[in-house]
Amino acid sequence: MVVFSPRCDPRNVLQVFSTVALTANLTSLFQHDFNVGSFAQFGDPETVARIDHRSERTDFRNISHLAIRQQLDAEDFLDEFILIDEHTAQSHAIWWVIVTRDSKDTTADLTGSGHPPVTYPGENFTLWQSHIIIQDMA
C-alpha cells in the first residue's frame, strides 16, 4: 500500500460543510472523487478538503447557500469553502462557495470565464460559487 501525505499550501486547504448528514458512504465518495480531482494520488494535491467536527452543521439544513455564507461571515469565517448538498451523491458535484460582494469588475471577470454569479431576487448581495464535478476540479 502506498500512502500519500497531503503536502499543500495552507491557503489551499478548504473547509467542508454539508447541508446533509455526512454518512460513511457519502464521505467515502467525496474523499475518493476529491482525491482524483485534486491530483492527491501524485502526492502533491493542488487543494486539500478538510472534513472535521465543523463540517456537519444541522443549522445549515434547509437554508440557501447565501444564508450559509452570511452566517459564516457573521461568525468571522471569511474563507472559501466546499459545500456538500443533497445532490452530491448522485451528481458527484459540490459547490465551491467563495464570497458575497457586489463588484462589477469581479462580475465581468467571472462571467467572461463562464462562471456568472448567482444573485438572489430581493437580495443586495451576490454569491460567488461554482458547481463543480468533483473529479474535474483541476
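**Figure 1. Overall fold of the predicted model.** Read along the sequence, the elements run β-α-β-α-β-α-β-α-β-β. The model is predicted. That pattern comes from 4 helices and 6 strands. The protein has 138 residues, and 37% of them are buried. Among contacts with a separation of 6 or more, 71% join residues 24 or more positions apart. The protein exposes about 8200 Å². Carbon and sulfur atoms supply 52% of that area.

**Figure 2. The largest nonpolar core.** This core has 11 residues. Leu14, Val16, Val20, Leu22 and Leu26 are among them. Phe30, Phe34, Ile82, Ile84, Ile94 and Trp96 also belong to the core. Four elements each supply at least two of its residues: strand S1 (13-18), helix H1 (24-37), strand S3 (81-84) and strand S4 (93-100). The largest share, 3 residues, comes from H1. In soluble globular proteins, nonpolar side chains tend to be buried together.

Figure 3. Ile82 is one of the residues of the largest nonpolar core. Neighbours within four places in sequence are left aside here. Ile82 is then in contact with Leu14, Gln15, Val16 and Phe17, among others. Its contacts also include Phe30, Phe34, Ala49, Ile94 and Trp95. A second, separate core has 9 residues. Ile68, Leu72, Phe81 and Trp95 are among its members.

**Figure 4. Helix H1 and its buried face.** H1 has 14 residues. From first C-alpha to last, H1 reaches 20 Å, close to the 20 Å expected at 1.5 Å a residue. Its buried residues are Leu26, Thr27, Phe30, Asp33, Phe34 and Gly37. Seen down the helix axis, these residues fall within an arc of 140 degrees, so they line one face of H1. Ala24 and Asn25 are exposed on the other side of H1. Phe39 follows H1 and has a positive phi, near 65 degrees.

**Figure 5. Helix H2 and the residue that follows.** H2 is followed by Asp76, whose phi is positive.

**Figure 6. Phe17 paired with Phe60.** The structure holds 4 aromatic pairs. A pair of aromatic rings is described by the distance of the centres and the angle of the planes. Phe17 and Phe60 form an edge-to-face pair. Their centres are 5.6 Å apart, with 70 degrees between the planes. Phe17 lies in strand S1, and Phe60 in the loop between strand S2 (48-50) and helix H2 (65-74), so the pair ties together parts 43 residues apart in sequence. Phe17 and Phe60 are both buried.

Figure 7. Phe17, Phe60, Phe77 and Phe81 form one aromatic cluster.

Figure 8. Most residues other than glycine have a negative phi. Asp76 has a positive phi, near 70 degrees. Asp76 lies in the loop between H2 and S3. Its relative accessibility is 61%, so Asp76 counts as exposed. His92 also has a positive phi, near 55 degrees. His92 lies in the loop between helix H3 (88-91) and S4. At 31% relative accessibility, His92 counts as partly exposed.

Conventions:
Residues are numbered from 1 along each chain as its sequence is written. This is a predicted model: local features need pLDDT of at least 70, side-chain atom pairs count only at pLDDT 80 or more; totals for chains, interfaces and linings use all residues. Side-chain values use heavy atoms; hydrogens and water are left out. Buried means under 20% relative accessible area, exposed over 50%, partly exposed in between (1.4 Å probe, protein chains only). Contact means heavy atoms within 4.5 Å. Accessible areas come from the Shrake-Rupley method with a 1.4 Å probe; for residues, only the protein chains shown count as cover. A nonpolar core is a set of buried Ala, Val, Leu, Ile, Met, Phe, Trp, Tyr and Cys residues joined through side-chain atoms within 4.5 Å. The expected span of a helix is 1.5 Å times one less than its number of residues. The arc is that of the directions from the helix axis to the C-beta atoms. Rings of Phe, Tyr and Trp (its six-membered ring) pair if their centres lie within 6.5 Å; planes under 30 degrees apart count as stacked, over 60 as edge-to-face and the rest as tilted.
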